[in-house]
Amino acid sequence: MTDTLLQALVTYGAALMFVTAFLSCLAIPIPMSLVMLTGGALAATGDLSFTLVWALTLLGALLGDQAGYFLGRRGKGRLEAYANATYKRYQLWRKAQNHLDKWGITGVFFSRWLVSPLGPYVNFAAGAASMRWAFFTASGVMGEIIWVTFYVGLGFVFADNLPLATAYAQESLRTLGAFMVMIAATVVILNIAKRRRAVLS
């Protein structure tokens, strides 16, 4: 798989990064983290331009998010039928809905990088729930910047040892995710306390 991916990236360059990022955000099963690590590694060796790899991957992801959102918004019934067709898709669909119910717009941000397997289904669910497009987009852009920069940058730094980069990525994202969840929870608690003080006063 890695050799095939490497050859494809050498042949088609950053354009392939754009296509794979776009499709991955529409729930097409593509190992996007590996694609980005490999693209970053090829940028480190000079085979690809780091700026072009980063920019086209980010653009593909952002456009894929938008496509998923509007598919959910305009084809909710068909989308639910598609999600219910297999147990795995049904589970992801339900998890995405629960994720948005729990976290709201912040959930879109987290689904770009912390729980990225849910990302495509969060796109669909956000559209189906008629989440405000501007909020969805702003949260998605911030999350995708973290996702793309992290993986492409990691591939660039660990160009000689991608397995190590993969292990490091998993551990780092868990740590960063826990930290950001703590921050989000703290903000929520402070807001609740503020509202209660306002009511009592």
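Biologist: Leaving aside neighbours within four places in sequence, which residues is tryptophan 147 in contact with?

Modeller: Contact means heavy atoms within 4.5 Å. By that rule, tryptophan 147 is in contact with Ser24, Met32, Met36, Ala61, Arg112, Trp113 and Ser116. A word on the ground rules: this is a predicted model, where local features need pLDDT of at least 70, side-chain atom pairs count only at pLDDT 80 or more, and totals for chains, interfaces and linings use all residues. Residues are numbered from 1 along each chain as its sequence is written, and side-chain values use heavy atoms, with hydrogens and water left out.

Biologist: How many helices and strands are there in the chain?

Modeller: There are 10 helices and 0 strands.

Biologist: What makes aspartate 160 exposed?

Modeller: Its relative accessible area is 81%. Exposed means over 50%, buried under 20%, and partly exposed in between (1.4 Å probe, protein chains only). So 81% puts aspartate 160 among the exposed residues. It sits in the loop between H9 and helix H10 (162-200). Its C-alpha atom is 9.4 Å from that of alanine 44, although the two are 116 residues apart along the chain.

Biologist: Why does valine 19 count as partly exposed?

Modeller: Valine 19, in helix H2, has 38% relative accessibility, so it falls in the in-between class. Together with Leu23 and Ile28, Val19 makes a nonpolar surface patch of about 210 Å². Nonpolar side chains (Val, Leu, Ile, Met, Phe, Trp, Tyr) are joined within 5 Å, like charges within 9 Å. Accessible areas come from the Shrake-Rupley method with a 1.4 Å probe; for residues, only the protein chains shown count as cover.

Biologist: And the inside: which residues touch the most other members of the largest nonpolar core?

Modeller: Leu9, Met17, Met32, Met36, Val53, Trp147 and Val148, out of 26 residues. H3 gives the most to this core, with 6 residues. Such a core is a set of buried Ala, Val, Leu, Ile, Met, Phe, Trp, Tyr and Cys residues joined through side-chain atoms within 4.5 Å.

Biologist: Why is the pair of tryptophan 103 and phenylalanine 110 called edge-to-face?

Modeller: Rings of Phe, Tyr and Trp (its six-membered ring) pair if their centres lie within 6.5 Å; planes under 30 degrees apart count as stacked, over 60 as edge-to-face and the rest as tilted. Here the centres are 5.5 Å apart and the planes at 75°, so edge-to-face it is. Phenylalanine 110 is buried at 3%, whereas tryptophan 103 is partly exposed at 24%.

Definitions and conventions:
Helices (H or I, at least four residues) and strands (E, at least two) are DSSP runs, numbered from the N terminus. Patches are made of residues with over 30% relative accessible area and no salt bridge: like charges are joined within 9 Å, nonpolar side chains (Val, Leu, Ile, Met, Phe, Trp, Tyr) within 5 Å. A salt bridge is a side-chain nitrogen of Lys or Arg within 4 Å of a carboxyl oxygen of Asp or Glu.
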